[in-house]
Amino acid sequence: MGKVFLLLVGAILLEIFVFIEVGSAIGAWSTLALIVLTAVVGIGLVRIQGIQTLMEAQHKINRGEPPAREMVSGMMLALSGVLLLLPGFVSDLAGLLLLLPPVRVALAERFLSRAHVRGHKGHTFSAEYHYHSEVRRPEERLRDHSPGSTFDGEYERKDDNK
């Protein structure tokens with residue numbers, strides 16, 4: 001948590017420094033106009049690319065493929081929109097970088113390569129159920145199975161077959 005705080009404070013100080021430098025070079029009103037312009041243009045680009053990403057995700061879903069890359073890309077576009085709305089040139093630069101499709105694709109691939117996927121498509125599990133009349137506490141039952149285990153199967157009641 002300390003690293004995140006230091007990163008946030010460092011980003012704010014960098015934004016203030018760049019604001020002062022740009023403001024002294026081109027003037028206060030020009031600096032404000034430039035900040036507003038980058039926000040308006042950037043949000044327009046985020047909207048257009050967001051619609052394109054949504055359409056790509058729908059095409060993948062229609063083909064039966066998971067839209068993982070499109071989901072990550074959509075999250076990066078949302079982050080880009082937030083960065084573009086924040087006043088500052090450093091955040092605008094980061095937001096504009098996230099708008100570039102090659103940057104988004106590279107970051108999405110890196111993120112997805114590190115993601116852990118739960119479940120295994122196409123694998124089945126079969127088991128038999130045996131009723132035990134012993135009474136056990138819930139914590140004893142939980143200890144017998146790893147967290148997140150899913151059991152799926154079919155059963156047949158033999159006492160109902162008369």
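Reader: What does the accessible surface of the protein come to, and what share belongs to carbon and sulfur atoms?

Author: About 13,600 Å², with 65% belonging to carbon and sulfur atoms. Areas come from the Shrake-Rupley method with a 1.4 Å probe, and for residues only the protein chains shown count as cover. This is a predicted model: local features need pLDDT of at least 70, side-chain atom pairs count only at pLDDT 80 or more, and totals for chains, interfaces and linings use all residues. Residues are numbered from 1 along each chain as its sequence is written, and side-chain values use heavy atoms, with hydrogens and water left out.

Reader: How many helices and strands does the protein have?

Author: Six helices and zero strands. Along the sequence the pattern reads α-α-α-α-α-α. Helices (H or I, at least four residues) and strands (E, at least two) are DSSP runs, numbered from the N terminus.

Reader: What percentage of the residues is buried?

Author: Buried residues make up 20% of the 162 in the protein. Buried means under 20% relative accessible area, exposed over 50%, and partly exposed in between (1.4 Å probe, protein chains only).

Reader: What makes up the largest nonpolar core?

Author: Five residues: Val-72, Met-76, Leu-83, Leu-98 and Ala-108. Helix α3 (residues 68–85) gives the largest share, three residues. A nonpolar core is a set of buried Ala, Val, Leu, Ile, Met, Phe, Trp, Tyr and Cys residues joined through side-chain atoms within 4.5 Å.

Reader: Which residues does Ala-108 touch?

Author: Arg-69, Val-72 and Met-76, leaving aside residues up to four places away in sequence. Contact means heavy atoms within 4.5 Å.

Reader: Why are α1 and α4 called roughly perpendicular?

Author: The axes of α1 (residues 2–26) and α4 (residues 89–99) cross at roughly 105 degrees and come within 7 Å. Angles of 65 to 115 degrees count as roughly perpendicular, under 35 as roughly parallel, over 145 as roughly antiparallel and the rest as oblique. So α1 and α4 are roughly perpendicular to each other. Axes are lines fitted to C-alpha atoms, for helices over the stretch in contact, and angles run from 0 to 180 degrees between N-to-C directions.

Reader: And what makes α2 roughly antiparallel to α3?

Author: Helix α2 (residues 28–62) and α3 pack at about 170 degrees, with axes 9 Å apart. That angle therefore makes α2 roughly antiparallel to α3. Their contact includes Gly-42 and Gly-50 of α2 and Gly-74 and Gly-81 of α3.
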